[in-house]
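I opened this entry to keep track of what I looked up, item by item.

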Amino acid sequence: MLATSNALRLHVESALAGRVASPFRFQEPQPITASAGIAAVDQLAGGLPRGCLTEVFGGISTGITSLLHTALAARTANAEVCALVDAQDSFDPGCAQFAGVSLQQLLWVRCRNVDQALRSVDLLLHGGGFSLVAVDLSGAPARLIRQIPLSFWFRLRRTVENTSTILLVLSRESNAKTCASLVLRMEREVARWSLQDRQYPSRDFHTPASLLDGWTTTAEMIRCKARRKNIAVIGRAKTFANQDAELARFDLRSNHFLSVDSSGGDSLLPSHYAVIPSEARNLSSTLALAETPLDPSAAPQTNHLETERTQNFG
Amino acid sequence: MSPAALFGAVYVPNFILQAIGRCEPELRTQPLAIIDGPPPTHQVVALNRLAEIRGVARGMTKAAVTQFAQVTIRPRCKVREEAAHAALLDVAWSITPRVEDAAPDTLLIDISGLASLFGNAQAIACEIASRACTFGMQAHVAISANVETARIIARALPGPTVVPEGEESRFLETLPVSMLSPSQELSDIFDRWGVATCKALASLPVLALSECVGQEGIRLQAIASGKGMRPLLLAEPAQHFEEWFELDEAVDDLEALSFLLGRLLDQLSARLSARALSIAAVQVNFELQPAFDHAFDTSRELLRVKPTARTFSCNLELPVPTRDSKLLLKLLRLRLQSRPPDAPIQKIHMAAQSSLARITQGSLFVPAAPDPDKLELTIARIMAVVGEGNVGSPHLLDSHRPDAFHMQKFSIATIDVNASESAAKRSTKNNLQNSPPNHHSKKDVPAIALHVFRPPVPARVRLQGNKPAFASFQGRSGKVVQASGPWRSSGQWWEDQPWQEDAWDLEIVFSGESPVRHGWYRFCYDRLQEKWFVRGVYD
């Protein structure tokens, strides 16, 4: 009987040779993916898989929060409803709106500790209907995150399975292990400043021209269910080409080059003035200050006395 | 009046008793006596058949009724009667908008032309009785071409009764004259004449009757002969829905309270369903047990003062109207769990704000979103975990103040559907054309995000030439290798809470055993407090 089945199998495999790679091998259906909002990451991992757990981890200033904002922006731009469970209440809605997130379509859960965050994400996933549920654990103490039992991650993966929800977990270290279908490790590279050395006659005033323009971040795909990672064979050195295939390098820009002004012109504004109040958008005179350092006493006064004043104190 | 005119009368017998039984259905199977009157002379005003069998009679004093151990005594409750009357009106309005509110226990309705909806007159009568039954009331229904005939037959005969046109006098002839509700003077005259039934009254000569008792007698005779016609005095459909529940003993347990709330919500939901409406908001007012603030002060003045009842209210606003009483009960329970009343509850008053039922049409292009009802429940549950005000959608304020936003209620209903649909169509079009997910132009380069420290972390900064050179916070310190700033901003100097700060973007390389070696931070110098803070880290 066994010999007959083996013969039959060989016969079918030889008949399908060249057309079907492994006819008797069970192939899990590929998850539907959605864009992460960053072309390099999309090319690397094929996007964020729906119905799966995606984990993004990295140290401070590696760009994981930026990745979260771009993912939220991409989903909300597609008229989808997202939820963010913020374990340490560290989400900045101003930056998110600048990144393109439609805040109206975002349910933000501000937690005070990890326990609240875990309970909230459990409730959200069971409620269902969200396109993206992000859990930001990056601000929480690593010791507490490590104490989360693996069974909890399995439970989350099981809950989100067979749904169209993307479960995105952000942390400083990898915790979900095999429960995650996609694991990305973020690392920062060099930063770009507008002016490295300040050569000005007076040391009293710092130059406004020295701005944080951005930095380059590298995303390494640690695990991907959709795309099998290149397996390093014993005795064969891992080539640089293979390494590059699992890396995505992309730039993060500071938002001082683009204002939300509807005129579309680029305005030189620092990042913390990204969102401009409606009555104070006429900042042409103030922006002119940004080009050259000036004496603070010479800074022009804004006409909007009833609004808050914004000055570039060069 | 057109020949097709048809009227119905709905009469609830023993209305006082049924109003109590509607709120407490378990009392229907027990001997029950309702007492009313000033406290020393409570008298039985209504009783059911079981109490009657045991010997209780109307007019008995409370002391006499207490001799019957098995008989349950309840005081008359006007608010429950009002609620029962409102429910009865809702039953009638669920059939037709042409309703006359004749009495608390009697309604007259115009059912002309309803045959296409409900069938013949018998079917309409059965439908009305059935709907009244779902509201917890047993009603007599009579249908006739004559409105007064319908009213009298409903009061006289149980069950659904249909009086064929032209046979009104046959149905009325055996009924006593007292069913016509004559005045006391006329009633005495009819007694003296020996006129006891409607047939006898109808057979009297009209002129002679007019000479003896006037126009009132003529009107009663016309009613007795089934010919008294009059127009309906239509009632305006009410838009407020209220239910009450008064407890004999105050309740302080949420489980017991939720049982009562569920019953009230069921009643409200049924009433609104009958009117094809939904609940947009629910307001629950609890009358709490009076607290004796001066329990140890037994002075005469204080004892004379009746303690005033305190109230506790709980409001529930729904993003989309619903009739799901179970969902409403869960939301109310969660709300009460997070903010319970501080004293036992004596009385519950529940009012529902009505709205038209939600009509939704799914779109092929709009992506699936959470079900609004389910989402509301999920948000309420999360709110119970993280606290009120920590769940919602952020709304940026029109201000330069850092971190200026406020949380607003998250609702699917507030999302701009047109914008969503156009965005989704755009996305679908892109997918159909197999275009890449993103066309990354220069402006599409992802922006740096700020990981905010809330509240800002106090820091110590050493300056060199008005520029930060060393910084320390949260137990770690480092050298500033690059800095950008100061970016000065201020505001609200014309108000009570002015702010003024200098913001800096700093690149710090930490020294020592710190696990974090490097980072780009946003510092701010509060010029009013003259202190440094870390507002967040670029991440």
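I started with burial: a residue is buried if 20 or more other C-beta atoms lie within 10 Å of its own, exposed if 12 or fewer, and partly exposed in between, with C-beta atoms placed from the backbone. By that rule, 47% of the 314 residues of chain A count as buried.

I noted that this is a predicted model, in which local features need pLDDT of at least 70 and side-chain atom pairs count only at pLDDT 80 or more, while totals for chains, interfaces and linings use all residues. Residues are numbered from 1 along each chain as its sequence is written, and chains are lettered from A and ligands numbered from 1 in the order in which they are written.

**Confidence, chain A**

I looked up pLDDT, the predictor's confidence in each residue, from 0 to 100. Its mean over chain A is 75, and 68% of the residues of chain A reach 70 or more. I found the pLDDT below 50 over residues 201–206 of chain A, a stretch with nine contacts beyond near neighbours in sequence. Residues 257–314 of chain A are also below 50, and there the model has 92 such contacts. A contact here means two residues whose C-beta atoms, placed from the backbone, lie within 7 Å.

**Make-up of chain A**

I counted helices (DSSP runs of H or I, at least four residues) and strands (runs of E, at least two), numbered from the N terminus. Chain A has nine helices and eleven strands. Among its contacts with a separation of 6 or more, 71% are between residues 24 or more positions apart.

**A sheet in chain B**

In what order do the four strands of the open sheet in chain B lie? I read β9-β12-β10-β11, with antiparallel pairing; strands pair if DSSP finds at least two bridges between them. The edge strands are β9 (240–251) and β11 (311–322) of chain B, each pairing on one side only. Between β10 (residues 277–288) and β12 (residues 345–356) of chain B I found eleven bridges. In this pair, B:Ala281 stands opposite B:Gln353. Helix α12 (residues 254–274) of chain B lies across β9, β10 and β12, at about 160 degrees to β9(B).

**Where chains A and B meet**

I found 82 residues of chain A in contact with 74 residues of chain B. Strand β5 (residues 106–110) of chain A and strand β13 (residues 391–396) of chain B run antiparallel and are joined by two bridges. I noted A:Trp108 opposite B:Gly392 in β13(B).

Notes:
Axes fitted to C-alpha atoms, helices over the stretch in contact; angles between N-to-C directions.
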